[in-house]
Amino acid sequence: SLGYINTGLALAPSMTNLMMARVGASTSLTIDSKDPDALRVGVDCFVFGKTTTDAPVTVRSGPGRFIGWECDLRADWRITSDVSFNFRYGLFVPNGGTPAPNDQVRQFLYGGISYAF
């Protein structure tokens, strides 16, 4: 994890010319009294901007400093000691001046099941 920077799921820009603010929360929900940490859910919200307005970023963006915002949801459920389920969803909304085709809302969806033995 050394050097890893979480820049979201749907946009996932590189750190070149990027300003970013992130607010997130995570908690465990008790669905089984024998294993109270089996289900973890969380949310991360990002706001993206350019450090230099005339310089590019890795995605096409409109004029000005503001690139857009993103909200990511996650759930990790340890079903048994060997099986776990992961879910990720990200939604990026660009600023109003972004040129086509990047002016559309981006979505990211991931689901996976892991079996460890």
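I take strands from DSSP runs of E, at least two residues long, numbered from the N terminus. I count two strands as paired if DSSP finds at least two bridges between them.

The model is predicted, so I kept local features at pLDDT of at least 70 and side-chain atom pairs at pLDDT 80 or more, while totals for chains, interfaces and linings use all residues. Residues are numbered from 1 along each chain as its sequence is written, and side-chain values use heavy atoms, without hydrogens and water.

**Strand pairing.** I went through the strands in order.

- E1 (18–29) and E2 (39–50) run antiparallel, joined by 12 bridges. I looked up Arg22 and found Phe46 as its bridge partner in E2.
- E2 is also joined to E3 (residues 66–78), antiparallel, by 11 bridges. Here Phe48 has Gly68 in E3 as its partner.
- E3 and E4 (residues 83–94) run antiparallel with 11 bridges. They form a hairpin, with 4 residues between the strands. Leu73 stands opposite Tyr89 in E4.
- E4 pairs with E5 (residues 106–115) over 10 bridges, again in the antiparallel sense. Arg88 has Tyr110 in E5 as its bridge partner.

**Core.** I asked which residues make up the largest nonpolar core. There are 9: Ala10, Leu11, Leu18, Phe46, Phe48, Val57, Val59, Ile67 and Phe92. A nonpolar core here is a set of buried Ala, Val, Leu, Ile, Met, Phe, Trp, Tyr and Cys residues joined through side-chain atoms within 4.5 Å. Buried means under 20% relative accessible area, exposed over 50%, and partly exposed in between (1.4 Å probe, protein chains only).

I then checked Phe46 for contacts (heavy atoms within 4.5 Å). Setting aside residues up to four places away in sequence, Phe46 touches Asn6, Thr7, Gly8, Met20, Ala21, Arg22, Trp69, Glu70 and Asp72.

**Ile31.** Is Ile31 buried or partly exposed? Ile31 counts as partly exposed because its relative accessibility is 49%. Ile31 sits in the loop between E1 and E2.

**Thr16.** I found Thr16 in the segment before E1. Thr16 counts as exposed because its relative accessible area is 52%. Beyond its neighbours within four places in sequence, Thr16 contacts Pro56 and Val57. Val57 is one of the core residues. I also checked Thr16 against Lys50: they are 34 residues apart along the chain, and their C-alpha atoms are separated by 8.9 Å.
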